[in-house]
Amino acid sequence: MGSRSRARRVVAALGFAGLLCAVLGVIMIVMVPSIIKQQVLKNVRIDPSSLSFNMWKEIPVPFYLSVYFFDVINPRDILQGQRPQVRERGPYVYREFRHKSNITFNDNDTVSFLEYRSFQFQPDKSRGLESDNIVMPNILVLSAAMMMENGPMSLKLIMTLAFSTLGERAFMNRTVSEIMWGYEDPLIHLINKYFPNMFPFKGKFGLFAELNNSDSGLFTVFTGVKNFSRIHLVDKWNGVSKVNFWHSDQCNMINGTSGQMWAPFMTPESSLEFYSPEACRSMKLIYKEQGVFEGIPTFRFVAPNTLFANGSVYPPNEGFCPCRESGIQNVSTCRFNAPLFLSHPHFYNADPVLAEAVSGLHPNPEEHSLFLDVHPVTGIPMNCSVKLQLSLYIKSVKGIGQTGKIEPVILPLMWFGESGAMEGETLQTFYTQLVLMPKVLHYAQYVLLALGCVLLLIPIVYQIRSQVGGGQSLTGAEWPLACLLGGRRGSDQIPQPSLPAVPTDTFSLQPTSGGSPRSLPGLGSCCCLLASLAYSVTTSLPILGGLGTLPWRGCRWFWIMRPGT
């Protein structure tokens with residue numbers, strides 16, 4: 001008798017544990033997604049208490065700037081009107097360091113900051129040295145010539161004489177370091193003396209001279225603390241909410257983020273929009289496909305075909321004109337009026353005429369398209385590669401001898417790829433907290449629910465075995481099992497309990513032709529099973545008394561109405 005009592009207590013404990021597991025599993029299924037969402041919202045906003053704040057302040061991802069130059073092979077032939085021939089040189093790789101300073105939280109749910117960048121050459125990752133010589137167009141001479149195209153002939157002759165006196169030519173031979181970070185040129189001093197506002201620089205001239213050890217302007221972005229719908233969006237750049245470089249309000253708008261983080265909970269309908277000070281405009285990337293980066297699910301965003309399309313192909317870009325062939329953007333208005341153009345490398349995704357006009361260009365999507373892989377739940381980039389090309393429009397200018405007989409052409413100067421991928425301890429922490437733990441919780445809730453259901457069956461099986469083995473007739477707990485086994489009243493296998501008479505008019509069911517009432521056997525079986533679970537657990541626990549018999553009393557009415565009874 002003692003062993004039987006212990007067995008009943010064990011069965012009761014298992015049933016109660018099953019009930020707890022099932023309830024906990026259901027609660028987790030309902031609550032876990034909401035909890036994860038609240039934690040993400042709390043930790044991606046720009047706030048010193050959030051987990052992502054230090055990542056936002058001091059970007060832990062190692063960024064690299066890979067620069068490729070187009071070495072001009074036939075400069076003399078170009079001056080005679082022949083087709084340019086170029087050879088790609090590089091990459092020359094620089095490690096890029098970023099950090100934010102002057103961080104100021106404002107009362108309108110925004111934060112202002114300056115982001116400084118510095119570059120360090122990486123010989124081991126480069127194909128060449130900074131001392132390598134590159135032949136390329138003399139941007140100062142050819143830009144000045146284009147600016148004077150419609151000027152008086154006398155001034156053009158004076159300029160030709162000045163160029164000759166200073167030893168300036170249409171093409172120059174400079175080292176990679178000089179082209180990148182600047183070189184002394186007497187022409188700069190001459191121009192600054194007579195045209196002090198023509199160029200924004202006063203000393204050395206270099207393509208990246210203004211980017212090294214300098215900031216990209218004062219950004220003011222929304223923190224998302226008070227109003228989450230605008231998180232990371234740029235409110236102002238250098239104190240203005242729109243720029244004045246272009247010819248339409250739409251093109252001058254500062255849209256999107258500062259290009260480092262985006263709003264969480266992305267969908268394939270989402271887009272990545274950001275303002276680029278280097279391009280003097282906002283850019284929008286579109287969703288392409290899902291992917292996985294180091295075990296972390298990502299959305300890949302790429303540039304649309306319309307990013308650098310001209311106004312005739314894509315009317316909203318009309319404000320960036322004057323335009324030339326589609327696929328290149330005129331940035332002269334924000335680059336001291338020099339005839340510079342921005343595009344994808346090798347004129348990828350541009351009018352084929354551009355690549356055909358220069359020998360040595362081979363555009364292809366694998367090497368020359370840009371992309372950003374973003375974790376859709378948090379809006380944090382995992383892997384990115386932004387590639388852009390800078391080109392110069394050159395032509396012969398009548399009256400300026402240095403331009404010779406150059407045929408009009410968009411000549412590529414260089415292209416660069418800015419890339420970065422999360423790695424090391426930062427990647428591991430991100431994976432553990434934002435991928436692994438939510439995945440564990442997701443599976444745990446269903447495991448708990450399944451385990452609870454299994455444990456709840458133990459009291460049922462125990463009670464059936466103990467009562468049938470003792471020669472007792474089936475009570476309420478066995479009837480659901482009988483339902484599932486297909487038993488019928490009158491069967492030899494199932495003892496018949498004494499059932500009260502049920503008035504036939506209790507149910508709004510019409511008799512069949514055989515006189516038996518219609519019924520819903522599937523619904524009855526389900527109700528019986530649910531009643532059985534409650535009956536088994538509650539009758540096994542003394543503290544619950546006879547509560548388990550209540551649902552079973554209702555279940556027996558379904559049994560009566562089953563066909564064939």
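Which residue in β3 is the bridge partner of Arg98? The partner is Arg117. This pair belongs to a predicted model, in which residues are numbered from 1 along each chain as its sequence is written, local features need pLDDT of at least 70, side-chain atom pairs count only at pLDDT 80 or more, and totals for chains, interfaces and linings use all residues. Side-chain values use heavy atoms, with hydrogens and water left out.

The chain contains 14 helices and 15 strands. Helices (H or I, at least four residues) and strands (E, at least two) are DSSP runs, numbered from the N terminus. Of the 565 residues in the chain, 47% are buried; buried means under 20% relative accessible area, exposed means over 50%, and partly exposed lies in between (1.4 Å probe, protein chains only). Contact means heavy atoms within 4.5 Å. Among contacts between residues at least 6 apart in sequence, 65% join residues at least 24 apart.

Strand β2 (residues 86–105) pairs with two strands described here. Two strands pair if DSSP finds at least two bridges between them. With strand β1 (residues 63–72), β2 pairs in the antiparallel sense over nine bridges, and Phe63 stands opposite Glu96 in β2. With strand β3 (residues 110–121), β2 again pairs in the antiparallel sense, over 10 bridges. β2 and β3 form a hairpin with four residues between them. In the turn of this hairpin, Asp109 has a positive phi of about 65°. Strand β2 also holds Pro91, and the peptide bond from Gly90 to Pro91 is cis, with omega near 10°.

The largest nonpolar core has 113 residues. Such a core is a set of buried Ala, Val, Leu, Ile, Met, Phe, Trp, Tyr and Cys residues joined through side-chain atoms within 4.5 Å. Phe69, Tyr94 and Met180 touch the most other members of the core. Strand β14 (residues 380–394) gives the most to this core, with eight residues. Leaving aside neighbours within four places in sequence, Tyr94 is in contact with residues that include Phe63, Leu65, Phe119, Phe121, Met180 and Trp181.

Helix α4 (residues 139–147) is mostly covered, with eight of its nine residues buried. The buried residues are Ile139, Leu140, Val141, Leu142, Ser143, Ala144, Ala145 and Met146. Their cover includes β4 (133–137), α5 (153–166), α7 (186–194), β14 and β15 (409–421).

A cavity is a set of points where a 1.4 Å probe fits but cannot get out, whereas a pocket is an open set with protein on both sides within 12 Å along at least five of seven lines; lining residues have an atom within 4 Å of a point. Grid points are joined across faces, edges and corners, and a volume is the space filled by probe spheres set on the points. Ala, Val, Leu, Ile, Met, Phe, Trp, Tyr, Cys and Pro count as nonpolar, Asp, Glu, Lys and Arg as charged, and the others, Gly among them, as polar.

The whole structure has four cavities of 30 Å³ or more. The largest cavity holds about 70 Å³ of space. Its lining consists of 14 residues, of which Ala309, Phe320, Ile328, Gln329 and Asn330 lie nearest the centre. Strand β11 (residues 328–330) supplies the largest share of this lining, three residues. By type, the lining of the largest cavity divides into eight nonpolar, four polar and two charged residues.

The second largest pocket holds about 460 Å³ of space. Of its 21 lining residues, Asn43, Leu51, Thr429, Gln433 and Leu434 are the closest to the centre. The elements that give two or more residues to this lining are α1 (2–44), α2 (53–57) and α11 (424–469), and α11 gives the most, with eight. The lining of the second largest pocket has 13 nonpolar residues, eight polar and no charged.

A cis peptide bond, with omega about 20°, joins Cys321 and Pro322; Pro322 is found in the loop between β10 (296–302) and β11. Asn213, in the loop between α7 and β6 (214–222), has a positive phi near 55°. Cys280 lies in the loop between β8 (271–276) and β9 (281–293) and has a positive phi of about 60° although it is not a glycine. Asn213 counts as exposed because its relative accessibility is 60%, while Cys280, at 2%, counts as buried.

Technical notes: 1 Å grid on protein atoms, 1.4 Å probe; cavity = no way out; pocket = protein on both sides within 12 Å on 5 of 7 lines; lining within 4 Å.
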